[in-house]
2 protein chains.
Amino acid sequence: MKMTIKEIAKLAGVSQATVSKIINNYEDVGAKTKKRVLEIMEEHGYRPSYSAQSLAKKVTKVIGVIYAGKINANFNHPFFVDVVSSFKKTMGAEGYDLLFFSNEKFHKADENYLARCQHYNVDGCIIIGGDQVEPSVYDLDKSDIPCIGVDIQLEGKTSGYIMTDNEKVSSLAVEHFYLMGQREIGFIGGKENSLISEQRLEGFEKIMKTYGLSVNQNWIKFGDFFEDSGYQVMSEMLKEHEIPKALFAASDLMAMGAIKAIKDSGNSVQDFSIIGCDDITASRHIDPPLTTVKQDKEKIGKMAAYILNDLINKNLQHTAVKIEPELIVRESCGAAKKV
Amino acid sequence: MKMTIKEIAKLAGVSQATVSKIINNYEDVGAKTKKRVLEIMEEHGYRPSYSAQSLAKKVTKVIGVIYAGKINANFNHPFFVDVVSSFKKTMGAEGYDLLFFSNEKFHKADENYLARCQHYNVDGCIIIGGDQVEPSVYDLDKSDIPCIGVDIQLEGKTSGYIMTDNEKVSSLAVEHFYLMGQREIGFIGGKENSLISEQRLEGFEKIMKTYGLSVNQNWIKFGDFFEDSGYQVMSEMLKEHEIPKALFAASDLMAMGAIKAIKDSGNSVQDFSIIGCDDITASRHIDPPLTTVKQDKEKIGKMAAYILNDLINKNLQHTAVKIEPELIVRESCGAAKKV
DNA sequence: ACTTTTTACGAAACCGTTTTCGTTAATTAT
DNA sequence: ATAATTAACGAAAACGGTTTCGTAAAAAGT
């Protein structure tokens with residue numbers, strides 16, 4: 001049933017070479033021969049074997065997708081889902097399919113990403129950052145396989161990375177608080193050791209200083225970007241003596257958790273100002289609609305694809321790009337409104 | 001830099017065959033030789049080429065992932081994201097990686113899924129159903145490649161499918177309405193030609209009859225499972241003479257859209273009873289928290305993986321399994337509450 | 001000490017393509 | 001009519017592995 005190039009060749013009365021040339025659009029094959037062979041291929045539903053092709057050529061037209069770190073273990077964080085969706089669309093248009101590496105440890109304990117990429121001989125890969133990034137990711141970075149990092153700083157010669165301007169993210173949030181009259185501002189970060197969390201914290205402290213606001217260390221807490229952690233952290237804060245009236249959470253999910261904690265504690269969410277980050281679709285629908293600092297997920301995915309493409313085609317050396325965030329004002333800064 | 005088996009063999013002073021046997025855990029190789037070769041492999045970071053391996057063996061350890069139809073074009077519908085996430089986890093534990101086919105048309109217009117699967121020689125594939133499923137999907141179904149369908153009815157000898165019991169879904173919703181005193185019940189389906197939408201409508205009409213309720217055809221509308229369509233459809237309904245007081249939407253996203261439409265129209269959402277379907281994470285956080293019929297996404301993904309595995313290992317013939325839905329009561333049936 | 005069995009290994013064919021380079025036949029130039 | 005060019009095709013060596021089968025040496029049996 002499964003035809004090989006050899007059989008097609010025999011059927012058509014030509015050599016393998018000729019069939020192969022037809023497949024690959026070589027010039028030196030006659031029009032009638034080409035037509036005849038194509039018909040035979042069509043008739044038998046022949047498709048060249050990918051394995052054989054990528055063994056012979058050195059190109060696979062496959063991009064490896066790596067979710068590094070714990071956050072992404074399930075690759076279902078809304079932010080990254082949208083980024084990868086956009087990435088996939090753009091790469092798809094270039095003829096690439098995406099290979100998602102399962103991060104379950106199986107087989108050998110020493111299995112690492114570089115090995116997997118070499119094994120599959122992917123043309124390039126995208127690495128989605130997170131907290132607790134496995135060190136083996138950096139072996140990949142150092143290799144000659146083109147890599148594009150999202151929210152992770154890659155430094156290899158054939159790598160690049162892209163992320164939102166995270167200091168700006170915090171600036172936008174704090175600025176808004178300030179203009180709304182808030183002065184007692186807290187911060188909920190993601191995992192303490194994650195890059196973007198650090199950058200946002202740094203930006204936070206910097207902008208607070210700029211506005212002459214003092215940062216209360218008791219109001220700086222860390223979650224893990226997911227909702228439960230926001231709930232967790234906020235619940236604790238609510239038990240303290242001093243409670244911040246305004247809160248910037250490093251993800252919408254955590255902001256949502258915090259809001260829930262406020263409600264559950266019997267407080268009125270109206271008395272608080274909350275700003276989230278990401279602008280996931282849900283944030284528009286929650287109660288109250290969440291004011292948030294939007295990351296342009298669509299653009300990040302698309303740019304990641306463009307850069308990776310250039311990296312693969314050697315049109316580009318190591319590049320880092322930052323994407324502008326944008327403040328989306330909704331209704332979760334109610335306390336300020338009342339002022 | 002990139003080592004081949006031949007070079008390893010030379011370095012170790014053995015034949016290729018021996019090295020290959022070591023890689024594949026053959027019995028007939030001496031202990032010291034094995035040790036020596038393994039060390040050399042380790043030292044040079046050697047990894048067998050995937051292409052060469054899967055050309056020689058006939059197995060790829062890769063599963064194709066196909067998002068059929070329009071709904072999933074961006075593979076970012078929260079329901080399917082969670083299903084696939086769970087699927088990935090389970091398959092990953094079995095040593096499979098996932099290949100996501102880009103659904104952008106590129107290259108040849110006649111490119112179809114079967115061709116892609118044959119091309120990559122995947123061990124099996126998962127097909128995520130939707131509306132407007134491309135006919136080429138059924139060629140794949142008919143082939144001898146093991147397929148598991150989610151929300152799509154596959155009939156091939158080496159296929160199976162899994163979905164929530166959709167008639168039960170509607171029953172749960174209508175039952176709840178009934179118990180809450182609602183009698184004027186409307187239905188918002190997904191795309192009219194999608195399987196699950198049809199099944200839910202069928203279940204809806206059946207259960208309405210059971211309860212002796214008449215279904216008003218003006219209250220049966222169709223969207224596309226996404227939020228905007230829910231908004232759209234609800235807005236129109238609100239302009240009509242008769243307006244249903246209770247509404248079952250075939251997806252949480254559409255329910256959210258409908259709620260927004262109600263609010264925007266100046267009506268009080270308290271005057272309506274809304275039930276959604278899926279139980280995506282956002283539904284817990286919206287205003288009001290959405291009562292919904294939950295699909296067990298985790299279980300569906302896991303079962304899909306199990307079935308596919310059995311299909312691949314020929315431990316199973318064609319199978320269809322239905323998963324029980326569950327009603328999650330929250331606060332979006334407020335009108336009933338007031339009764 | 002001699003046969004039989006077992007152990008450890010290698011030669012070589014094969015998996016299904018691509019690609020280089022050479023060759024012949026047809027075409028064009030002179 | 002002859003030489004030079006071009007067009008169309010094929011032989012065969014790669015690509016990097018796996019696997020069958022044969023064989024020499026070592027171990028075991030007698």
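In the predicted model, Pro288(A) is located in the loop that runs between strand S9 (273-278) and strand S10 (291-294) of chain A. The peptide bond leading from Asp287(A) into Pro288(A) is cis, and its omega is near -5 degrees. The loop between S9 and S10 of chain A also contains Asp279(A). Asp279(A) is not a glycine, yet its phi is positive, at about 60 degrees. In chain B, Pro288(B) is placed in the loop between strand S9 (273-278) and strand S10 (291-294) of that chain. The bond between Asp287(B) and Pro288(B) is a cis peptide bond, with omega about -5 degrees.

The interface between the two chains was examined next. Contact involves 54 residues of chain A and 54 residues of chain B. Between them, chain A and chain B bury about 4,800 Å², and carbon and sulfur atoms account for 54% of this area. Of the area that chain A buries against chain B, 15% is supplied by Arg47(A), Lys88(A) and His285(A), which is more than any other three residues supply.

Polar interactions across the interface were also counted. Between chain A and chain B there are 18 residue pairs in polar contact, with both residues at pLDDT 80 or more. Several elements of chain A each supply at least two residues to the side that touches chain B, namely helix H4 (50-56), helix H5 (78-93), strand S2 (97-100), helix H6 (113-120) and helix H11 (252-264). H5(A) provides the largest share of that side, with 8 residues. By residue class, the side of chain A that touches chain B consists of 21 nonpolar, 17 polar and 16 charged residues.

Salt bridges were counted over all chains, and the structure holds 19. The count between chain A and chain B is 4. Arg284(A) forms a salt bridge with Glu227(B), and the closest N and O atoms of this pair are 3.7 Å apart. Within chain A, Lys35(A) and Glu39(A) form a salt bridge in which the closest N and O atoms are 3.3 Å apart. Lys35(A) and Glu39(A) are separated by about one helical turn, because they are 4 residues apart in helix H3 of chain A.

The axes of helix H2 (residues 16-23) and helix H3 (residues 31-43) of chain A come within 10 Å and cross at roughly 85 degrees. An angle of 65 to 115 degrees counts as roughly perpendicular, and H2(A) and H3(A) are therefore roughly perpendicular to each other. On the H2(A) side, the contact is made by Thr18(A), Val19(A), Ile22(A) and Ile23(A), which meet Thr33(A), Lys34(A), Val37(A), Leu38(A) and Met41(A) of H3(A). The residues of this contact between H2(A) and H3(A) comprise 6 nonpolar, 2 polar and 1 charged.

Definitions and conventions
Residues are numbered from 1 along each chain as its sequence is written. Chains are lettered from A and ligands numbered from 1 in the order in which they are written. This is a predicted model: local features need pLDDT of at least 70, side-chain atom pairs count only at pLDDT 80 or more; totals for chains, interfaces and linings use all residues. Side-chain values use heavy atoms; hydrogens and water are left out. Axes are lines fitted to C-alpha atoms, for helices over the stretch in contact, and angles run from 0 to 180 degrees between N-to-C directions. Angles under 35 degrees count as roughly parallel, over 145 as roughly antiparallel, 65 to 115 as roughly perpendicular and the rest as oblique. Contact means heavy atoms within 4.5 Å. Ala, Val, Leu, Ile, Met, Phe, Trp, Tyr, Cys and Pro count as nonpolar, Asp, Glu, Lys and Arg as charged, and the others, Gly among them, as polar. Buried area is the accessible area (1.4 Å probe) that two parts lose on being put together, summed over both. A salt bridge is a side-chain nitrogen of Lys or Arg within 4 Å of a carboxyl oxygen of Asp or Glu. A polar contact is a pair of N or O atoms within 3.5 Å; within protein, one must be able to donate a hydrogen and the other to accept it, and residues adjacent in sequence count only if both atoms are side-chain atoms.
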